[in-house]
Each structure stands twice: as structure tokens, then as C-alpha cells.
Amino acid sequence: MKHEIMVDEDDSEAVMEVWIRDTTFLDVQKAAQTMFVVNDDGVQLDLEAYWSYAFTNWVVGTNPELTTDELKQLNAYAGEQLASLLPKPDELAEAMQGGFTKANK
């Protein structure tokens, strides 16, 4: 699905087109493996790994065309706009508990 995001909060005409694909059940499982790190200290949350996974796997196109590395280096404002189009970590956790079958609110 195509979206437009602002890339400069001070310039409403500075926009980028992004195409986001639908998230599948298996996407949720893979994303969870990157987000939840199990070690001797227990389970830790790695948000950087989650967002890296999301930008790499769910953004399927941009205009202007950006590489995966360029997407990961967007400024904070543009990155936040892009992240708003993708599943959030808490939504991922809900989906892992059967959230795919729940009605949208």
C-alpha cells in the first residue's frame, strides 16, 4: 500500500512516497525473534533490532528510491513518520497472542 510521509517538519512539501506490504503471521514470528533477546539475564527488548527488521522487511519501495541502509539512516522526524505506518512493538506482542483474529478498533 502506498503512503506519503513528510520528511521535514518545517517543510510540508518535502514528502516521500513509501510502499508498505501487509504483515503476515510468519512476519510476526520473525520480528519477535529479533525484538526479544533471551540470555542469562532473562528476556530483553531490542527495539533497534525490531525497527531495523520492520524497515528492511515491510517497506517494499520508496520514492525517491532509498536503499535499506539509507532507510535506516533517515533523520528522526522522517523515521518517526515511517514507523507510524508499521506495526508497533506492542501490536506485535498482541498479534503473537492472537491479535490477528481480533476486530480492528
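Helices (H or I, at least four residues) and strands (E, at least two) are DSSP runs, numbered from the N terminus. This is a predicted model, in which local features need pLDDT of at least 70 and side-chain atom pairs count only at pLDDT 80 or more, while totals for chains, interfaces and linings use all residues. Residues are numbered from 1 along each chain as its sequence is written, and side-chain values use heavy atoms, with hydrogens and water left out.

Q: What makes up the order of elements from the N terminus on?
A: The elements run β-β-α-β-β-α-β-α-α-α. The protein has five helices and five strands, and its C-alpha trace spans about 45 × 35 × 20 Å along the principal axes.

Q: What makes the pairing of the side chains of Glu17 and Lys2 a polar contact?
A: A polar contact is a pair of N or O atoms within 3.5 Å; within protein, one must be able to donate a hydrogen and the other to accept it, and residues adjacent in sequence count only if both atoms are side-chain atoms. The side chains of Glu17 and Lys2 are joined at 2.8 Å. The side chain of Glu17 also makes a polar contact with the side chain of Asn63, at 2.7 Å.

Q: Which residues does Tyr77 contact, leaving aside neighbours within four places in sequence?
A: Contact means heavy atoms within 4.5 Å. On that basis Tyr77 is in contact with Met6, Val7, Asp8 and Glu9. The C-alpha atoms of Tyr77 and Val7 are 6.5 Å apart in space, although the two residues are 70 apart in sequence. Tyr77 lies in helix H4.

Q: Why is Tyr77 given its accessibility class?
A: Its relative accessibility is 22%, so Tyr77 counts as partly exposed.

Q: Why is Asp8 given its accessibility class?
A: Asp8 has a relative accessible area of 32% and is therefore partly exposed. Asp8 lies in the loop between strand E1 (2–6) and strand E2 (15–20). Its side chain reaches the backbone nitrogen of Asp10 at 2.9 Å. Leaving aside neighbours within four places in sequence, Asp8 is in contact with Ala14 and Tyr77.

Q: What makes a set of residues the largest nonpolar core, and which of its residues touch the most other members?
A: A nonpolar core is a set of buried Ala, Val, Leu, Ile, Met, Phe, Trp, Tyr and Cys residues joined through side-chain atoms within 4.5 Å. The largest such core has 20 residues, of which Trp58, Leu82, Leu86 and Leu92 touch the most other members. The elements giving two or more residues to this core are E2, helix H1 (25–35), helix H2 (47–58), helix H4 (76–83) and helix H5 (89–96). H2 provides the largest share, five residues. Among the residues that Trp58 touches beyond four places in sequence are Trp19, Tyr53 and Leu86.

Q: How do you know the accessibility class of Phe36?
A: Phe36 has a relative accessible area of 32%, so this residue is partly exposed. The place of Phe36 is in strand E3.

Note on methods. Buried means under 20% relative accessible area, exposed over 50%, partly exposed in between (1.4 Å probe, protein chains only).
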